[in-house]
Structure formats: C-alpha cells, structure tokens
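Please have a look at the model first.

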Amino acid sequence: MKKILISATVVSVVAAAVATAHSGATGVVRERMDGMVAMRDAVRTLTPMMQGQVDYDRQTVIDAAAIIESHAGETMTVLFEEGTGGMPSAATPAVWEDWEAFEAIAMRLEVVAGALGEAAANPPGSAMPEGDAQADAGAMMGGASSMMGGSAEPDAAMMAQMPVDRVFALAAQTCSSCHTPFRIEQED
C-alpha cells in the first residue's frame, strides 16, 4: 500500500508542474499540454479514492481511466512532432533521441489505462486472482524497467483482474517512468 501512495504522490507532484508551462504554448505543444493536464486531473481525482480517503466509486474510476486512455498511446505520440521541443514545451530532447522508449511508454499507458477501467470492478484492497500475485509483485517492484517490457510486466487481461488500486499504481509508475527521462522538471 505504501508503494501505491508514494507512486500516486509522485505522479501528482510531477504532473502539477505541467500547468505552469502553459504560458505561451500554441498549436501541437498546447494540445499535448492540455492532454497532460487532463490526465493529471484524472489522477488527482483517483488518488484520494485509492488512498481510502474518499469512498470508492466505480464509475469515477471508469471515467478517469477513459480520460487517461484517450490521451495516451498514439494520441499522445502524434503530438510530439519533430521540432516541437524547447520552451514553452517541457519535453526534453530525449523524447526524439530515444523515440522508441518514449513511444513504448505512451503505448503502455494506453494499455494500463484501459485495464484500469476494467479493474474498476475490483475494489481497492481486494484479493489477487490465483497465480497472479507473483507477477503483480514483480511488476510493482520492477519500476520503469518493467514498463519497458520486462518479463514481469502484467498484460491487459491480467491487470483487469487485479485490485483497482494496484492497477492505478501501475498507471502512476508508467507516468513517472515517462516524466523522469522525457520531461523537464519545473518549479511550481
């Protein structure tokens, strides 16, 4: 549970800085920033629920997961056209220098977000399905390396069977694994 809280906190803090970069952004840069803000807001909606601070609401999870999924994957990557780095963008040159890694994380986020919506039927703290606990534990401990295709990475069907708070933690880890190398840290 502590990992979930830490992951959710990291995503919230990192994503909060996105809003400060919007000054002067236009075109595709503004569009991708708006998508990041939408995902940040979805994470902020879910975080207190996953931490047990507010009542669990399955439909809220489904709706927030749909928002994240709709801004991930190819929807995200097409907004990172070559030459759209630099201020006011918070994208580091690594986005284009290591495109395959960036694209893999964006695609993974789409899969995890879709699974998050499906896992909404499995309330926080519910039991893991038989045989999946070990794979889940490996993915949770694998961090960014598991997001890049490590063998312990659960697939969409497995994640859909997991407790929703664990899938949320995987989504948070996926976001963090992208922000670390591909996003300029900004002060609030």
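The points below cover salt bridges, a charged surface patch and the cysteines.

This is a predicted model, in which local features need pLDDT of at least 70 and side-chain atom pairs count only at pLDDT 80 or more, while totals for chains, interfaces and linings use all residues. Residues are numbered from 1 along each chain as its sequence is written, and side-chain values use heavy atoms, with hydrogens and water left out.

**Salt bridges**
- Two salt bridges turn up in a search of the whole structure (a side-chain nitrogen of Lys or Arg within 4 Å of a carboxyl oxygen of Asp or Glu).
- Arg-30 pairs with Asp-34, with 3.2 Å between the closest N and O atoms; the two are four residues apart in helix α2 (residues 27-50), so about one helical turn separates them.
- Arg-30 is partly exposed at 33% relative accessible area, and Asp-34 is partly exposed at 36% (buried is under 20%, exposed over 50%, partly exposed in between, with a 1.4 Å probe and protein chains only).
- Arg-40 and Asp-41 form a salt bridge at 2.9 Å, N to O; Arg-40 is buried at 10%, whereas Asp-41 is partly exposed at 33%.

**Negative patch**
- Glu-74, Glu-97, Asp-98, Glu-100 and Glu-103 make up a negative surface patch (residues with over 30% relative accessible area and no salt bridge, like charges being joined within 9 Å).
- Asp-98 sits in the loop between α5 (94-97) and α6 (99-119) and is partly exposed at 38%.

**Cysteines**
- The disulfide count is zero (the rule asks for a pair of cysteine sulfur atoms within 2.5 Å).
- The sulfur of Cys-175 has its closest cysteine sulfur in Cys-178, 8.1 Å away, too far for a bond.
- Cys-175 is buried at 14% relative accessibility, and Cys-178 is buried at 10%.

Key
Patch = residues over 30% accessible without salt bridge, like charges linked within 9 Å, V, L, I, M, F, W, Y side chains within 5 Å. Areas by Shrake-Rupley, 256 points an atom, 1.4 Å probe, with all protein chains shown as cover. Lys, Arg positive; Asp, Glu negative; His and termini not counted. Charge placed at Lys NZ, Arg CZ, Asp CG, Glu CD.
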